Amino acid sequence: MISDIKEGYFIDKLSWLNLDNVSGNFGAGIRSGYYSKKGEFQNQKKKKLGNISGNVLEMMENCVYISKEREFTENTLFAYILFKNLNFSS
């Protein structure tokens, strides 16, 4: 999945996702992640990258990949998911 990305971010951990139940808008702090370019991680250390925001419905429309691989974290089994066109700020 990462090898197909021309440029983007691999987000490892987010803060609590603050979701508006009416509009579907959300925002969360990026606790750690990696910058990826041409399928390779550019920074080898995890970094706090800023914030991410968007709309859940638009995000689901922009879902590009969902991996078969899963990771168990804090009582939840997560897949790796690739989205395009999310908003980042620092």
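Strand 1 contributes eight residues to the lining of the largest pocket, the most of any element. The model discussed here is predicted.

User: Why is Ser15 called buried?

Analyst: Buried means under 20% relative accessible area. Ser15 has 19% relative accessibility, so Ser15 counts as buried. Ser15 is in the loop between strand 1 (7-14) and strand 2 (18-19). Beyond its neighbours within four places in sequence, Ser15 contacts Ala28, Gly29 and Arg31. Across the chain of 90 residues, 23% are buried.

User: Why is Ile11 called partly exposed?

Analyst: Partly exposed is the class between buried, under 20%, and exposed, over 50%. Ile11 has 25% relative accessibility and therefore counts as partly exposed. Ile11 lies in strand 1. With neighbours within four places left aside, Ile11 is in contact with Ile30, Ser32, Gly33, Ile52 and Phe88.

User: What makes Ser53 partly exposed?

Analyst: The value for Ser53 is 31% relative accessibility, so Ser53 counts as partly exposed. Ser53 is in strand 5 (residues 50-55). Its contacts outside the four-place neighbourhood are Phe26, Gly27, Leu86 and Asn87. The C-alpha atoms of Ser53 and Leu19, 34 residues apart along the chain, are separated by 9.7 Å.

User: Why do Phe10 and Tyr34 count as an aromatic pair, and why is the pair called tilted?

Analyst: The structure holds two aromatic pairs. In the one formed by Phe10 and Tyr34, the ring centres are 6.2 Å apart and the planes are at 40°. Rings pair if their centres lie within 6.5 Å, so the distance qualifies. Stacked needs planes under 30 degrees apart and edge-to-face needs over 60, so this pair is tilted.

User: What makes this pair a link between distant parts of the chain?

Analyst: Phe10 is in strand 1 and Tyr34 is in strand 3 (residues 25-37), and the two are 24 residues apart. Ring pairs also join Phe10, Tyr34 and Tyr80 into a cluster.

User: Are Phe10 and Tyr34 buried or partly exposed?

Analyst: Tyr34 has 15% relative accessibility, so Tyr34 counts as buried. Phe10 has 22% relative accessibility, so Phe10 counts as partly exposed. The cut-off for buried is under 20%.

User: How large is the largest pocket, and which residues are closest to its centre?

Analyst: The largest pocket has a volume of about 1,400 Å³. Its lining has 35 residues, and those closest to the centre are Ile11, Asp12, Lys13, Leu14 and Ile81. Strand 1, helix 1 (56-61), strand 6 (63-73) and strand 7 (76-83) each supply at least two lining residues.

User: What classes of residue make up the lining of the largest pocket?

Analyst: The lining has 22 nonpolar, five polar and eight charged residues.

User: How much of the accessible surface of the chain belongs to carbon and sulfur atoms?

Analyst: Carbon and sulfur atoms account for 50% of an accessible surface of about 7,000 Å².

Definitions and conventions:
Residues numbered from 1 in each chain as written. Predicted model: local features only at pLDDT ≥ 70, side-chain atom pairs only at ≥ 80, totals over all residues. Heavy atoms only, no water. Helix = DSSP H or I, 4+ residues; strand = E, 2+ residues; numbered from the N terminus. Buried < 20%, exposed > 50% of the residue type's maximum accessible area, 1.4 Å probe, protein only. Contact = heavy atoms within 4.5 Å. Areas by Shrake-Rupley, 256 points an atom, 1.4 Å probe, with all protein chains shown as cover. Phe/Tyr/Trp six-rings, centres within 6.5 Å; stacked < 30°, edge-to-face > 60°. 1 Å grid on protein atoms, 1.4 Å probe; cavity = no way out; pocket = protein on both sides within 12 Å on 5 of 7 lines; lining within 4 Å. Points joined across faces, edges and corners; volume = space filled by probe spheres on them. Nonpolar A, V, L, I, M, F, W, Y, C, P; charged D, E, K, R; others polar.
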